[in-house]
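Have a look at the structure, then follow the questions.

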Amino acid sequence: MLNTIGSFVLPLVLALPIVGAIFVMCTPKTETTLHRGLGLAFTIATLLASLLTLRYFNPREAGFQLVFDTEWIPGLGAHFKTGVDGISVFLVLLTTLLMPLTLLCTGRAIEKHVREFTAAMLVLETGMLGAFVSLDLFMFYVFWEVMLIPMYLLIGIWGGQRRLYASIKFVIYTMVGSLLMLVAIFYVYVQAGSVLGTSTTDLERLLTVALPYNAQVWCFAAFALAFAIKVPLFPLHTWLPDAHVEAPTAGSVILAGVLLKFGIYGFLRYAMPMFPHGAAVWAPTISILAVIGIIYGAFVAFAQDDVKKLVAYSSVSHLGFCALGVFALTSYGISGSIYAMLSHGLTTGGLFLGIGVLYERRHTRRLAEYGGIWKQMPVFSGLFLIIVMGSAGLPALSGFVGEFLTILGTFIAGDTLPAGYDFPMPRLLGALAATGVVLGAIYLLWMFQKVFFGKLDKAKNGKLPDLNGRELATFIPLVIGIFLLGVFPRPLLVVMEPAVQKFTRDFGRRLTECDGPPHTYGTRSCDPSVKTQAEIENNLDAVARGATGVSRTLGRAGGAAGAAGGTGATGAAGGTGATGENGAAAANGAAGTGRPTP
Amino acid sequence: MSFNPAELGYLVPYLILAVTGMLLVLAEAFYHGEDRTALASLTAAGSFASAIASVVLLRQLEGNARVPLLGEMLVADRSGYVLSALFAVTTGLAALSSPAHQREHDWQIGEYYGVMLLSASGMVMLAHAANLVTVFLGIETMSIGVYVMCAMRRRSRRGNEAAMKYFLIGAFATGFLMYGIALIYGAGGTTKIAQLATVLGQTRNPGLVVAGGFLLVVAFGFKVAAVPFHMWAPDAYEGAPTPVTGFMAAAVKAAAIAAMIRVFGTALGGDVVPFGMLGWASPLVVIAAITITVGNITAVRQDNIKRMLAYSSISHAGVLLVGVCALGLGAPSATTSLIYYLIAYSFTTMGAFAIVSYVGSRNRERLLVDDWAGLGAQHPAVALAMTILLLSFGGIPPTGGFFAKFYVFKAAMEVYDGQLLWLVVIGVINSAISIYYYLRIVTAMYFREANQPFAPTRSSGLLFVITVCPLLVLELGIMPGWWLKLVG
């Protein structure tokens, strides 16, 4: 494949942080100001370079763009292949945006080993970006693991009291999952090698291979374990609160803001496209676990006294929405899921940064120690309120759009699923998930009230300086982002749409290919030998209905959801859908009119 | 058998090692002064010259040519030269790490270097072995040298214990090896490895082949320290001087695996294995599984770094045995993966033991994990080097250890019908376990405060090894393509 100018953008984005890390390590140990400056400079350079992707990205195209492809390990067939599509391009931007903000806000909070801290953050950035943009299974795995060690060091060196325990727990949890994924990768690699005639780990070529049914089920399970731990899906979430509580602010921000997204992203990019039959088998389990996570996370968050733990459990709840939206397999659900990830990155990143600001001033994270902060730090409190509202899903702020779309996608899932894919009780799961929104608002506002309102009765809270310029510079972009995502979802959804539709279309098509030995899904039997033309057409029809989702069939879909029992919000969606051509406009309209009440 | 002097040209790497080794033994007789750094430098020079000779000869070799030498006692081929270059380089690294340790712990004996080179010549013989007799000779030449090296630190009781244990067990294993070879010879009527592959397939005495194969499994099990034949290893590794431990863990083990590639991959591979359940592969897969698991789980409980690395090397032997099983069961990329693993593993091991030598000193050897607390703050570069090496041991990208493990397991997956899938699953689960104890050292180095300032053993040789090994390990992980092409 010929590499054009645009194709060099992503390798540049990958190279900048690692070059920065090497550069920082070469400077003298005592020059901490220089280290901080260099870290900031390189992350900002990475951000600017990543903005170039938008310059070369064609929003109408569904496939991978800006593809850079060169052979990496000839003996293995592994390529250094990078590219983005509508699903990953914003995640890349989210990562490059959060990094400089995090470093900026960290400022002098990290005092020991500043050089190593900066280098670890930069290596982490390369790892994360690499995992988002790689289009090669081997390369993905390498970057996936590369992320692990800097995060381990961040928690272990710069973390809190129980950092040893938390860091090891984080590593072991993640490793167990990813090593079983490695076995599945071996299997896919060897199988695909024998089918294709040449060994390759190129994702696009692997996707042309239909694996046997049983193999898909097992391989999906192995991949899903790795991704579910990362999401984290209930009951595999227990590492998260520990890691968050012990990690330094910067670690928490990146962990919540970016690392958790790899779970959902992995499902979308690897597990589901490669093993559609496996996804079909496991979808009910995962969706139910996701809903349990939404509600359980919210309840446990409510019970926390430690602010960081509260936000950590809120992540469990929020990422549950994302998982649910993906497995509902509607365009709404998937777009919403990606949107919710972006929003979660900004809001939860902001929450952790805010907690960091408080912690620097008071050196405690206990809710009981706070109260009445608003009087001392009005600017901070106002900005933090917007972030909290964004996280809670207040309309006109970022959180609402994603949650609304995932719930809507879940509601209508029953109508658009391709044959062979079973999504259990979509209405019930959607309704239960919607209670998560309410619960989210409760615990977040409760937290806000405990910290910022009430009497200023603790002497230590008496003299807290408000945000300084550096901190303002970190919060303002976040708050602007949260507003923009909330008010103008359309530009982003338009870019996502082609890729999301391609995803659902390809998924359905591969599901109907009906390969492997005869088997049954629920009531439908799938036997390659008796596949009739009518059946294929029927399946493709169902797929098409699901795929065109966001733009064309909005009125119908909205109507269906309305029939399902949605009240205000779905009505709003249906209403605007009749006039607006695009689903994004519908979501936009809905954002202005009201929030869904189950 | 006819002797053609031109064939000696192919054996230059071997000759350089053997001749330099003998010269060094002589040189010690005329050597004045305490410090043996000069001898170590000569050893390293000889080793690296031998390695260069191997690479030159490798480049002259066409494609997959096999040149039988000395009446098919030895063979010159790609894998042989790659491995002999590896053994020579490993020997050179061991020689460079040694003088500082000798100086600090008062065992400045010059014969050590001569013996080391002679032992290395045995390894090169193994790399090129084309006959079961040369396999035997190579193993003995190599082992006897290492027994002596273990015992060199005469005043150390643990060193003596280590040498004694190693020697007795080694002698015991030799019996198995000899008997196994005898039985195979009885069945096939030849000891030539290339011929055995075809002859054994039509033997009328399959019982002899089965018994001989089992005996060889036991013999090599002792040599690579596979469970349950590993009992000597932790004591020997702990008791031997640290540079010798590195040499034993890296080069000796690698040479034994090189011999296994020849014996099990060629002589007993192919059609001979399918004696069904009775083939040598059946005990070997079980041994591989037990070795990985027991090695890892025992390593978790070790507080002494040398013992921990000893058990870790046992588990690595298990992974290598997975590769050998894959080779015997016909996985096409098994040989390449094994050689690659040996390269990555050797550099990792040499580097790690060099750092163990570096961190300790005359007064305090600092062999406990707790002794390493705070190294990251006081000596960040060394701690970083050790971290890279430990990550490579644990198989985390982007290090050579990761790609090596990846490649061996991939080879195991190539075996017909996924027969070794269960072994791969056991292997990767163990990788996760191993991360725990490797990270214990990282944790100690970075996350804890030092109770006492470090007084490391400084020497240019050690620093060279400490610098080169991590860089090579990283290079192996990031750009494995070049190495794969070199190997085959």
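Two rings of Phe, Tyr or Trp (its six-membered ring) pair if their centres lie within 6.5 Å; planes under 30 degrees apart count as stacked, over 60 as edge-to-face and the rest as tilted. This is a predicted model, where local features need pLDDT of at least 70, side-chain atom pairs count only at pLDDT 80 or more, and totals for chains, interfaces and linings use all residues. Residues are numbered from 1 along each chain as its sequence is written, chains are lettered from A and ligands numbered from 1 in the order in which they are written, and side-chain values use heavy atoms, with hydrogens and water left out.

Q: How many aromatic pairs does the structure hold over all chains?
A: There are 59 of them over all chains.

Q: Why is the pair of A:Tyr152 and B:Phe447 called tilted?
A: Their ring centres are 5.3 Å apart and their planes sit at 50 degrees, so the label is tilted. This pair crosses between chains: A:Tyr152 is in helix H6 (residues 148–158) of chain A, and B:Phe447 is in helix H17 (residues 421–447) of chain B. Helices here are DSSP runs (H or I, at least four residues), numbered from the N terminus. Both A:Tyr152 and B:Phe447 are buried, a word that means under 20% relative accessible area, with exposed over 50% and partly exposed in between (1.4 Å probe, protein chains only).

Q: What makes A:Phe384 and A:Phe452 a tilted pair?
A: With centres 5.3 Å apart and planes at 40 degrees, the pair comes out as tilted. It links distant parts of the chain, 68 residues apart, from A:Phe384 in helix H17 (residues 378–392) of chain A to A:Phe452 in helix H20 (residues 426–452) of chain A. A:Phe384 and A:Phe452 are both buried.

Q: What makes A:Lys230 count as sitting over the ring of A:Trp144?
A: The charged end of A:Lys230 is 4.7 Å from the ring centre of A:Trp144. The rule asks for NZ of Lys or CZ of Arg within 6 Å of the ring centre and within 35 degrees of the ring normal.

Q: What makes B:Phe30 exposed rather than buried?
A: B:Phe30 has 65% relative accessibility, so it counts as exposed. It lies in helix H1 (residues 12–30) of chain B.

Q: Why is helix H9 (residues 232–239) of chain B called mostly covered?
A: Eight of its eight residues are buried, including B:Trp232 and B:Tyr237.

Methods
Helices (H or I, at least four residues) and strands (E, at least two) are DSSP runs, numbered from the N terminus.
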